[in-house]
Amino acid sequence: MTTNTLEKMKSLVRGHDTCVMATVSEGRPHCSLMAYAVDDACREIYMVTPRTTRKYKNLVNNPHVSLLIDTREEHAGHRRPESKALTVEGEFRPIISSEKRLEAEARLTAAHPYLKDFMKNEDAEIISVKAVSFLLLEGLSEAYYEKV
C-alpha cells in the first residue's frame, strides 16, 4: 500500500457527500442512503438521523457499520467498468462533547445546507462513524485495502 493509494481513498471520501450505510440488528442487515460530511483527516464521518429510526437503534445495539461511497453516477452507461467503490469499515461513536457536536453540525451544514433545520429537531441525532479501514475497488478487479 502506498501513501498515494491512501490519499486516493481519502480523496474519494472528500469528493462525495452521500453514502450507503449498512447496519445490523439480530443478524439482519439494513441499508440506508445517507448524506455525510467528513473531518479533515478522513477519520470521522458525520451524519444525522432521527433517534426513532431502525438504523439508529441498530447503531446503538451494534456499533459496527459499513459505508459504501462510489462513483457510479460519474461513470454511467458504457463507462461503468471505470467506476470506483470504497467500503469504509467503521464504528459508531456517540458525540458527547458539545464542542464536537458543533463541529459536526458545521461540517454537515456546509456540505448540506438543507439539513440545518432538521438538526435543530429534538429527535435528531448527529452520529459519528470512526473509520477503521478502507477497501477500494477500482474497475472490475483492482482492490486496495488500508487500515486507518
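This is a predicted model: local features need pLDDT of at least 70, side-chain atom pairs count only at pLDDT 80 or more; totals for chains, interfaces and linings use all residues.
Visitor: How many disulfides does a search of the whole structure find?

Guide: A disulfide is a covalent bond between the sulfur atoms of two cysteines. The criterion here is a pair of cysteine sulfur atoms within 2.5 Å, and the search finds 0. The sulfur of Cys 19 has its closest cysteine sulfur in Cys 31, at 11 Å, which is too far for a bond. For Cys 42 the closest cysteine sulfur is that of Cys 19, at 13 Å, again too far.

Visitor: Is Cys 42 buried or exposed?

Guide: Buried means under 20% relative accessible area, exposed over 50%, and partly exposed in between (1.4 Å probe, protein chains only). Cys 42 is buried, at 2%, and Cys 19 is buried at 2%.

Visitor: Which residues have the most contacts inside the largest nonpolar core?

Guide: A nonpolar core is a set of buried Ala, Val, Leu, Ile, Met, Phe, Trp, Tyr and Cys residues joined through side-chain atoms within 4.5 Å. The largest has 25 residues, and Val 13, Met 47 and Leu 67 have the most contacts inside it. Strand β7 gives the most to this core, with 5 residues. Helices and strands are DSSP runs numbered from the N terminus (H or I, at least four residues, for helices; E, at least two, for strands). Contact means heavy atoms within 4.5 Å; beyond four places in sequence, Val 13 has contacts that include Tyr 36, Cys 42 and Phe 134. Another core, of 11 residues, lies apart, with Ala 104 and Met 119 among them.

Visitor: Where is Ser 128, and what does its side chain contact?

Guide: Ser 128 lies in strand β7 and is buried, at 1% relative accessibility. A polar contact is a pair of N or O atoms within 3.5 Å; within protein, one must be able to donate a hydrogen and the other to accept it, and residues adjacent in sequence count only if both atoms are side-chain atoms. The side chain of Ser 128 makes such a contact with that of Glu 44, at 2.5 Å.

Visitor: With which residue does Glu 44 form a salt bridge?

Guide: A salt bridge is a side-chain nitrogen of Lys or Arg within 4 Å of a carboxyl oxygen of Asp or Glu, and the count comes to 7. Glu 44 pairs with Lys 100, the closest N and O atoms being 2.5 Å apart. Glu 44 is in strand β4 and Lys 100 in helix α3, so the pair ties together parts 56 residues apart in sequence. Glu 44 is buried at 18%, whereas Lys 100 is partly exposed at 23%.

Terms used. Residues are numbered from 1 along each chain as its sequence is written. Side-chain values use heavy atoms; hydrogens and water are left out.
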